[in-house]
Amino acid sequence: MTKAREAYMVIGGSGFLGRHIVQQLLDRGDNVCAFDIVQRHFDVPFYSGDITSIDDVSNALRKSGTTCIIHTASPPAGLKDSSLYFKVNVDGTKTVIDAAVAVGVRKLVFTSSAGVVFNGGDIINVDERLPYPEVPLDAYNDSKAKAEQVVLEANGKGGLLTVALRPAGIFGPGDRQVMTGLYKVYEENKTHFQIGDNTNLFDWTYVGNVAKAHLLAADKLDLPPPAAPLSEKDEIPLIVDDVPPFTEAEQKLISEPLSYVNVTLGNHRVPTSDARPLGPYIELPPNGREIEKAFNDPFALLLTSLVRNKLRNLDSNPLQVAGQAFFITNGEPCYFWDFPRLVWHQLDARFPGHRKPRSVFQMPKSVGLAAATGAEWFGMLSGREPAFTRFKVAFSCARRWHNIEKARRVLDYEPDVGIEEGIKLMVEWWYEEYKKGNHTQKH
């Protein structure tokens, strides 16, 4: 029996991420429309409305014949009025769910945020088991976490299937937040300032990769757990204890080793105690040849942490997509200040001679926090928005990177565009906009 063709509605389809999702759906020939408050593109049917209005959302769903909603709408981070986050992200998402159930929509893919688990401290290789922080970092991430909970709890309600994706540090063509801030620093010749020692790994994610993940989640939302192997290597026996029962196909899915993400740096392997290059030695370690062989063979070691830890003692099947949350990143965390420096390097090619060689001025985190506190107090007294805040200091100094093994195994997600290529594409887009006069800053 042929599966009925989906009709997609991208809520927030005029926005940064939403537009990339619309474009990818168009590129593969899907039926797609957009719902937003402002129409910026005219190549798909558009429905204008208020996300908190049940009538607006329901009418658009009925008229469009939507079967799958991809909900990306959210106010940008950093707004003064925190109530807007809860109105749009929480109340608006509840409205979308109620409208979807009332109209009979089958699928809902929700854009959450990796920030839902961030409290300002270090986030190191965490997976989806990490709980929400007891004290939210800010109103934006608090509202996103509450909206995500609403979405996942709605799975199965009235036949609606739901999934939440948690992208981290989205950037790319169309971005007017990250790129605008980095250009301002460049324009003011402040690129030599650095807070912290730049040893903190940080996740950035190219917007096209995030859009791809949304399409994968939508496609797999109503499917049983995937059975296709993730590599061409011969089947490896699964040796784990105390885990939920799996079918043969599911066992193969979770026991197949994953290759490393290599879209930017090429093939490489992270050294471990069991797999590393030996280097100079006087006496060969007892198992030296096995260690060296394991390092050179990317499939020599099983990655069983997913089985031993993530899948044990769970009531629902975590290999299904419905009712689950997934971290989405580029899978290649980089040192925090390396990212803006690559952006500034790309800008140098377009504004030759603007930057003069200067030594890096490194400010310890403690000094940065003290300076930011002073800037915030001055802002309160003067009524001006401080450009330097404690949040920015914490953001730039935190170790913040996530494990995307669950998305790679269950969604079959792999990033297509690397960090370096993504930055080039973003700066190219930005510069074309700059030449058109679409930026307030002028060089």
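Salt bridges, counted wherever a side-chain nitrogen of Lys or Arg lies within 4 Å of a carboxyl oxygen of Asp or Glu, come to 20 here. The model is a predicted one, in which local features need pLDDT of at least 70 and side-chain atom pairs count only at pLDDT 80 or more, while totals for chains, interfaces and linings use all residues. Residues are numbered from 1 along each chain as its sequence is written, and side-chain values use heavy atoms, with hydrogens and water left out.

Select D127 and R129 to begin, whose side chains form a salt bridge at 2.7 Å, N to O. D127 is buried at 8% relative accessibility, whereas R129 is partly exposed at 48%; buried means under 20% relative accessible area, exposed over 50%, and partly exposed in between, with a 1.4 Å probe and protein chains only.

Next, go to helix 4, residues 139–153, where D142 and K146 sit 4 residues apart, about one turn of the helix (helices are DSSP runs of H or I with at least four residues, strands runs of E with at least two, numbered from the N terminus). Their side chains meet in a salt bridge of 2.7 Å, N to O, with D142 buried at 16% and K146 partly exposed at 36%.

Then select E148 and R166, which are joined by a salt bridge of 2.6 Å, N to O. Because E148 belongs to helix 4 and R166 to strand 7, residues 161–167, this pair ties together parts that are 18 residues apart in sequence. Both of these residues, E148 and R166, are buried.
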